[in-house]
Amino acid sequence: MPPWLPKRCPETGGACLRADWEAWENAALSPHAARASESRGRERPEEEDAIRTAFQRDRDRIIHSKAFRRLKDKTQVFLAAEGDHYRTRLTHTLEVAQIARTIARALRLNEDLTEAVALGHDLGHTPFGHAGEDVLTTLYPGGFRHNEQSLRVVEVLERPGGLNLTFEVRDGILNHIAAGTPATLEARVVHFSDRIAYVNHDIDDALRGQVLAEEEIPSAILDVLGRTHAQRISTLVQDLVASSYGQERIMLSPARQDALSGLRTFLFERVYVGSDAKREEEKAKGVVSALYQAYLADVDRAPGKDGKEAVRDYVAGMTDRFAIAAFRRMFVPKEFRPDD
Ligand code: MG
C-alpha cells in the first residue's frame with residue numbers, strides 16, 4: 001500500500017481504502033448479501049487493489065473493455081441506425097444497471113457486485129439483437145446463447161486470458177437469464193432488473209416509433225403498473241423491494257409479476273414478432289448468415305484452427321454497423337471511381 005495513503009476512514013477523516021470498504025460491507029449489508037472479502041476469488045489469484053474491493057475492480061474492468069464499448073452500436077429492438085432516441089444495447093445495459101443498483105441498495109445487498117453483473121450481462125449479444133442470436137443458434141453446432149457468450153467474452157475473448165473476474169460476477173453474468181440459478185441474490189436482482197428495464201423501455205420505444213398507440217396497451221395491466229413509463233418502473237421496483245426485503249430470495253408480488261408477464265406477452269404479440277419494428281429483420285438475418293458462412297468457408301481452408309468457434313466469436317462480437325460494412329465489402333460491388 002502506498003505510504004501516502006491514510007490508513008483509516010471515515011473516523012479519522014482519511015481516504016477509504018479497500019479494507020475499510022470490506023469492513024463496512026461486513027457491518028452494514030444484509031446477512032444475505034455477497035461480501036467482497038468473502039468472494040470465492042478469481043480464476044487466477046491476484047494481489048488485491050489498495051482502494052477498490054474485488055467487485056468494484058470487476059465493474060471497472062468491464063467498463064474499460066472493448067466489448068462494452070461495442071454495445072453502443074448493437075441493436076436492442078429497433079435497428080440501432082434507425083433513430084437517435086431508441087435504446088441501444090448500451091443504453092439498455094445502463095438502464096438495467098440503474099434499476100439494479102437502486103434495488104440492491106434498498107435491500108442492503110452488494111451494490112458493486114450488482115452493478116458489475118448488470119454492466120456485463122449482455123456483453124455477448126450479437127449484432128441486430130435477437131435476430132442475430134437466432135441465426136447463430138441455427139448455424140452454430142450446439143446452438144448459441146447470449147449469456148454463455150457474455151461469459152466467454154469476459155473469460156476468454158477480452159484481452160489475452162480474459163478479464164480474470166471474480167466467481168460471483170462470472171456466475172451472475174452466466175445466470176442472469178430466467179432459467180439461471182445463480183449463487184447470489186445480487187444476480188437475481190439483475191435478472192429482474194433486466195426484465196423490468198426492457199419490457200418498459202421497449203414499450204416506450206414502440207410508442208415513440210408509432211408501432212403501438214397508448215390505448216392499445218391492455219388497461220388491466222396499466223391499472224396495476226401505472227399509466228406512464230416512470231410510474232411503471234417505480235411500481236415494479238418498489239414492489240420488488242417490499243416483497244424481497246430481508247428474504248433469502250428476490251421476487252415480485254403475484255399481481256405485479258402477472259402484470260409484468262402480461263406486458264411482456266403483449267410485446268411479443270405486438271412488437272417483437274412481425275411488427276413494423278421488425279420489418280428489416282429478415283435482411284439483418286441474411287447479413288449475419290452470409291457473413292458467418294463466408295468467414296467459415298475461409299477459415300476452413302486454414303489448418304489447425306477451430307474454424308466454427310472462431311467465426312462464431314468474430315461474428316457475434318460485431319456491431320450492427322461493422323456487420324453491414326463487412327457485408328457490403330464482401331457482397332456488394334463497388335462503383336467504379338477513376339482514382340480508386
Ligand atoms: Mg439484457
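Trainee: What covers the buried residues of α12?
Mentor: The cover includes α9, α10 and α11 (229–244). This is a predicted model, where local features need pLDDT of at least 70 and side-chain atom pairs count only at pLDDT 80 or more, while totals for chains, interfaces and linings use all residues. Residues are numbered from 1 along each chain as its sequence is written, and side-chain values use heavy atoms, with hydrogens and water left out.

Trainee: Which residues in α12 are buried?
Mentor: In α12 (residues 254–272), they are Ala259, Leu260, Leu263, Phe266, Leu267, Val271 and Tyr272. Buried means under 20% relative accessible area, exposed over 50%, and partly exposed in between (1.4 Å probe, protein chains only). An α-helix has 3.6 residues a turn, so residues three or four places apart point the same way.

Trainee: What comes after α12?
Mentor: Gly274 follows α12, and the phi of Gly274 is positive, near 75°.

Trainee: Back to Val271. What is Val271 in contact with?
Mentor: Leaving aside neighbours within four places in sequence, Val271 is in contact with Val77, Ala206, Val211, Leu212, Phe266, Ala277 and Lys278. Contact means heavy atoms within 4.5 Å.

Trainee: And Leu212, where does that lie?
Mentor: Leu212 is in the loop between α9 and α10 (219–225). Its relative accessible area is 5%, so Leu212 is buried. Setting aside neighbours within four places in sequence, Leu212 is in contact with Ile203, Ala206, Leu207, Phe266, Arg270 and Val271.

Trainee: Which residues touch the most other members of the largest nonpolar core?
Mentor: Ile62 and Val271 do, in a core of 65 residues. The largest share of this core, 10 residues, comes from α9 (residues 185–208). Another core lies apart from it, with 20 residues, among them Val135, Leu296, Ala316 and Ala323. A nonpolar core is a set of buried Ala, Val, Leu, Ile, Met, Phe, Trp, Tyr and Cys residues joined through side-chain atoms within 4.5 Å.

Trainee: New topic. How many helices and strands does the chain have?
Mentor: The chain has 15 helices and zero strands. Helices (H or I, at least four residues) and strands (E, at least two) are DSSP runs, numbered from the N terminus.

Trainee: How does the radius of gyration fit a compact globule?
Mentor: For 340 residues a compact globule would have a radius of gyration near 20 Å, and the chain has 22 Å, which agrees. The radius is taken over C-alpha atoms, and the globule rule is 2.2 Å times the number of residues to the power 0.38. Of the 340 residues, 52% count as buried.

Trainee: What share of contacts is between residues 24 or more positions apart?
Mentor: Such pairs account for 68% of the contacts in the chain with a separation of 6 or more.

Trainee: Where is Phe128, and where is Arg159?
Mentor: Phe128 is in the loop between α5 (111–120) and α6 (129–139). Arg159 is in the loop between α7 (146–157) and α8 (167–174).

Trainee: Is Phe128 buried or exposed?
Mentor: Phe128 is buried, with a relative accessible area of 5%. Arg159 is partly exposed, with a relative accessible area of 45%.
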